[in-house]
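Dear colleague,

I am handing over the structure below, and after it you will find a short account of what was found. Please read the two side by side.

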Amino acid sequence: MQPTADSLHLGNYLGALVSWVDLQETYQAVYSVVDLHAITMPHDPKALRHRSRVTAAQFIAAGIDPTRSILFLQSHVPEHAQLAWVLMCLTGVGEAGRMTQYKDKAQRDGGDSASVGLFTYPILQAADILLYDADRVPVGEDQRQHLELTRDLAQRFNSRYGKTFIVPEPHIVKATAKIVDLQNPDKKMSKSLGGSGCLDLLDEPKVSAKRIRSAVTDTGRDVVFDPEHKPGVSNLLTILSVLSGSPIPALEERFAGAGYGDLKKEVAEAFVGFVEPFQEKVRALMTDESALDDILADGARRAREIAVVRLADVYDKIGFLAGGAVR
């Protein structure tokens, strides 16, 4: 995840981070706070440092175990940028320009203001993956195109220079909860929408509870799961189901004859019950920044043990003199 905000939101947590934590049980997992990606847009340096730490702290608070998995800051492993340059030299301008997220951001903010970094960041993303011989990448639908670019570049390099990269497959977690905006339930939860539709994990719990009580529902009364006709109510049921562990059909039965106010009250209580201990863990980690920095430094060391080997192989195959990638 990019450290571009002071807090992750509930959509980040339920839609991705929960499943990422579970992957530790069956995979050798690598997690990165991608701060190089975060500077493709204008940013405040002081805020970036804080956000990099607090994003890592939230990973750990959510259950990422840095003793079992690798957790590091992208900028601490220079091989990411070094491999990205090699991959850029294999990527066509038209190929990079077809990336829909770049086109969307460029159209929204104006093409002249978009940086070259924004244009090429899917190639850096490919380097993030290929450095670690990843055979599975947990992605959402909005990232499938970028993973296809990664696969194309891996195959292109292998074809030109010999077998080097594993061609990764998408790892789609079917049970991932899709959390939408509380005020715009036709859109996924996102800070970019602004307003009070986003539940930040580090916000004051009372503020979040108020936002839940003000969530958009519909003109009816029945508490039923119907994403097409009752997206707001369905979103609240999804949140409550995940946080409480109760299946949605059981919740529908429990709220039969009740009103939306009863549902919102219980969702708010469940969210506060979840987020208060989460915030305590984050605060404890952020209180001792040097200890958190040591965790990230150890993660970077372990990441580099893998990355330098792969980059040295790449450098050798493209014809650079030995010593270009330092082990």
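At 22% relative accessibility, Arg53 counts as partly exposed (buried means under 20% relative accessible area, exposed over 50%, partly exposed in between, with a 1.4 Å probe and protein chains only). This is a predicted model, in which local features need pLDDT of at least 70 and side-chain atom pairs count only at pLDDT 80 or more, while totals for chains, interfaces and linings use all residues. Residues are numbered from 1 along each chain as its sequence is written, and side-chain values use heavy atoms, with hydrogens and water left out.

The side chain of Arg53 meets that of Glu289 in a salt bridge (3.5 Å, N to O), a term that stands for a side-chain nitrogen of Lys or Arg within 4 Å of a carboxyl oxygen of Asp or Glu. This pair links distant parts of the chain, since Glu289 is in helix H12 (residues 289-318) and Arg53 in helix H2, 236 residues apart; helices here are DSSP runs (H or I, at least four residues) and strands likewise (E, at least two), numbered from the N terminus.

Glu79 and Arg304 also form a salt bridge, at 2.5 Å from N to O. Glu79 lies in helix H3 (residues 79-88) and Arg304 in helix H12, so the pair ties together parts that are 225 residues apart in sequence. Glu79 is buried at 2% relative accessibility, whereas Arg304 is partly exposed at 31%.

In strand S2 (residues 70-73), Ile70 and Phe72 point one way and Leu71 and Leu73 the other, and all are buried.

Best wishes
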